[in-house]
Amino acid sequence: MALKRRRAVREAPPEAPPVSTGPAALVTIDALGRKCPIPIIMLAERIGEVPVGGIIAVKADDVAARTDVPAWCRMKSQDFVWEETLPRGWAFHVRRTY
Amino acid sequence: MAYFDAASTEPLHPAAREALLEALEGGWADPQRLYGPARRARMLLERARAQVAASLGARPDETSFTSSGTQAVHLGMLGTLHARRRAGRHLVVSAVEHSSVLHTAGQHERDGGKVTTVGVDRSGRVDPEEFAAALRPDTALACLQSANHEVGTLQPVTEVAEACRAARVPLLVDAAQSAGRVPIPGGWSLLTASAHKWGGPPGVGVLVVRKNTRWRSPLPEDDRESRRVPGYENVPGIAAAAAALEAYRGEMELDAPRLSALVELIRERVPRLIDDVEVIGDPVERLPHLVTFSCLYVEGEALLTELDRLGFEVSSGSSCTADTLRPSHVLEAMGVITHGNVRVSLSRGTRAADVDRFLAVLPGAVDRLRQTSGVTG
């Protein structure tokens, strides 16, 4: 459960998370250039567009999204599936559970 | 207005004001000289040292005054790393230390030293076993705060101190958030604190270096403060800080349980009053006066501004602002929502009525901001 060693020190670049290619997203939200909490507001608004069990992705480049998207999934009992590193930012893949 | 930001600074204690004015009159002379007014200043300084040392569980000759808590941390860390560089250049810190610790660690790393950062669990607490496992034969210093400044979680200082003693590694405890409020666990080698957190004046920090702890000034030495802190002592400020600590500690013995109950009320009510909110930090092993929660879909700064308009001075760990562009390293390390974050820290004598009024206006404030950003239930 515990999150261990997410950062070396604050100045250090984020460690690369385990990246695996997962199932493709049915809907992709473009939140590039948008500051928190906009990316997860968009995610919450649009997750209903995929069926239960389907994958929705959020593209974002605000570093806060790397913490906020998994934390949102935990709070809202959705599944955080995987994080893809993009040339600019990341694509966070979430499976709708209900 | 209700002041809910004691974790940033506690308002000046009346005992501090009285002692400050007295010492400005009677303690203005150079405490190192040998004439009457100098001896009086020296007496004030040494009395203050004895008071503060006793409060922190230290000896007077182990206790030095600095110009801030941050300077105490810098001197404590750099002086130990310097004195023990033959033992090794490895430093262990927790991921949720104050920025003064992490910035010093960053500099140590840029200077060729090694740093291990011990992570925390969801409540913001380090695992003592994981901390112990980070200690190595070449570890020069380990740092662990007594309590977290953003979420209030108490750290397992006693267990970590035991592990450090077994590994013969000095432990620096940053006690800025807990000194004067809760008892300080023992077993440390260096301790730092800051007077304005307990109702003393700004500009006074404390550095305690235990006997038998190897330490050498990282700065050019001069003859003040047992050669630990260069520069002329702020005798009036120090006298006021000591008077504040004694008065504050006495009051906190009675007031802390009352503040803790008010924090408990906030912890319990906020999730029932507001949807999509998470109260963070350890619910039991925590500071008595501090509670932090995060509201989904709300920008933290907008919420603080709205609460200020409504008469509440609160702070936030989140910093989604143009000037930092980084979320709080504490919230990040805990893996909790970094936005919509509110830290309520109650000061001496905060009234229950203020907390009730806060709980009455908070849901409306969150609701208005969510509607502005287009979130509808």
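This is a predicted model: local features need pLDDT of at least 70, side-chain atom pairs count only at pLDDT 80 or more; totals for chains, interfaces and linings use all residues.
Is B:Arg286 buried or exposed? At 9% relative accessibility, B:Arg286 counts as buried.

**Confidence of the model**

The predictor assigns the complex an ipTM of 0.90 and a pTM of 0.93. For chain B the mean pLDDT is 95, and 97% of the residues in that chain reach 70 or more.

**The two domains of chain B**

Chain B is assigned two domains: domain 1 covers 2-6 + 252-373, and domain 2 covers 14-247. Their centres, taken over C-alpha atoms, are separated by 28 Å. In domain 1 of chain B, 27 residues are in contact with 24 residues of domain 2 of chain B. Between them the two domains of chain B bury about 2,000 Å², of which 56% is on carbon and sulfur atoms. On the side of domain 1 of chain B, the residues that lose the most area to domain 2 of chain B are B:Leu287, B:His329 and B:Met334, which together account for 28% of what that side buries.

Helix 7, strand 10 (290-295) and helix 9 (329-334) of chain B each give two or more residues to the side of domain 1 that touches domain 2. Helix 9 of chain B gives the most, with five residues.

**Salt bridges**

Over all chains, a search of the whole structure finds 28 salt bridges.

| Side chains in the salt bridge | N to O distance |
|---|---|
| B:Arg59 and B:Asp61 | 2.9 Å |
| B:Glu264 and B:Arg286 | 3.2 Å |
| B:Arg368 and B:Glu306 | 2.8 Å |

In the pair B:Arg59 and B:Asp61, B:Arg59 is partly exposed at a relative accessible area of 42%, and B:Asp61 is partly exposed at 34%. The salt bridge between B:Glu264 and B:Arg286 joins helix 7 of chain B, where B:Glu264 lies, to the loop between strand 9 (277-280) and strand 10 of chain B, where B:Arg286 lies, so the pair ties together parts that are 22 residues apart in sequence. B:Glu264 is partly exposed, at 38% relative accessibility, whereas B:Arg286 is buried.

The side chains of B:Arg368 and B:Glu306 also meet in a salt bridge, and this pair links distant parts of the chain, with B:Arg368 in helix 10 (residues 352-372) and B:Glu306 in helix 8 of chain B, 62 residues apart. B:Arg368 is partly exposed with a relative accessible area of 41%, while B:Glu306 is buried at 12%. Elsewhere, B:Asp30, B:Arg33, B:Arg224 and B:Glu233 are linked in a network of salt bridges.

**Two buried residues of chain B**

B:Thr153 lies in the loop between strand 5 (139-145) and helix 6 (157-166) of chain B, and it is buried at 0% relative accessibility. A polar atom of the side chain of B:Thr153 lies 2.6 Å from the backbone oxygen of B:Ser123. Beyond residues up to four places away in sequence, B:Thr153 touches residues including B:Ser123, B:Asp282, B:Glu285 and B:Arg286.

B:Val235 lies in helix 7 (residues 235-273) of chain B and is buried, with a relative accessible area of 2%. Leaving aside neighbours within four places in sequence, B:Val235 is in contact with B:Gly27, B:Pro31, B:Ala41, B:Leu44 and B:Leu45.

**Helix 2 of chain A**

Helix 2 (residues 65-75) of chain A is largely enclosed by the rest of the structure, because eight of its 11 residues are buried. Among them are A:Val69, A:Ala71 and A:Trp72. The buried residues of this helix pack against helix 1 (38-46), strand 2 (55-60), strand 3 (79-85) and strand 4 (90-95) of chain A, together with helix 9 of chain B.

**Backbone features**

Most residues other than glycine have a negative phi, and most peptide bonds are trans. Just after helix 2 of chain A, A:Ser77 takes a positive phi of about 55 degrees. B:Arg168 has a positive phi near 55 degrees and is exposed, with a relative accessible area of 69%. B:Tyr297 has a positive phi of about 70 degrees but is buried, at 6% relative accessibility. The peptide bond from A:Cys36 to A:Pro37 is cis, with omega near 5 degrees.

Definitions and conventions. Residues are numbered from 1 along each chain as its sequence is written. Chains are lettered from A and ligands numbered from 1 in the order in which they are written. Side-chain values use heavy atoms; hydrogens and water are left out. Helices (H or I, at least four residues) and strands (E, at least two) are DSSP runs, numbered from the N terminus. Buried means under 20% relative accessible area, exposed over 50%, partly exposed in between (1.4 Å probe, protein chains only). Contact means heavy atoms within 4.5 Å. pLDDT is the predictor's confidence in each residue, from 0 to 100. Domain bounds come from an automatic or database domain assignment. Buried area is the accessible area (1.4 Å probe) that two parts lose on being put together, summed over both. A polar contact is a pair of N or O atoms within 3.5 Å; within protein, one must be able to donate a hydrogen and the other to accept it, and residues adjacent in sequence count only if both atoms are side-chain atoms. A salt bridge is a side-chain nitrogen of Lys or Arg within 4 Å of a carboxyl oxygen of Asp or Glu.
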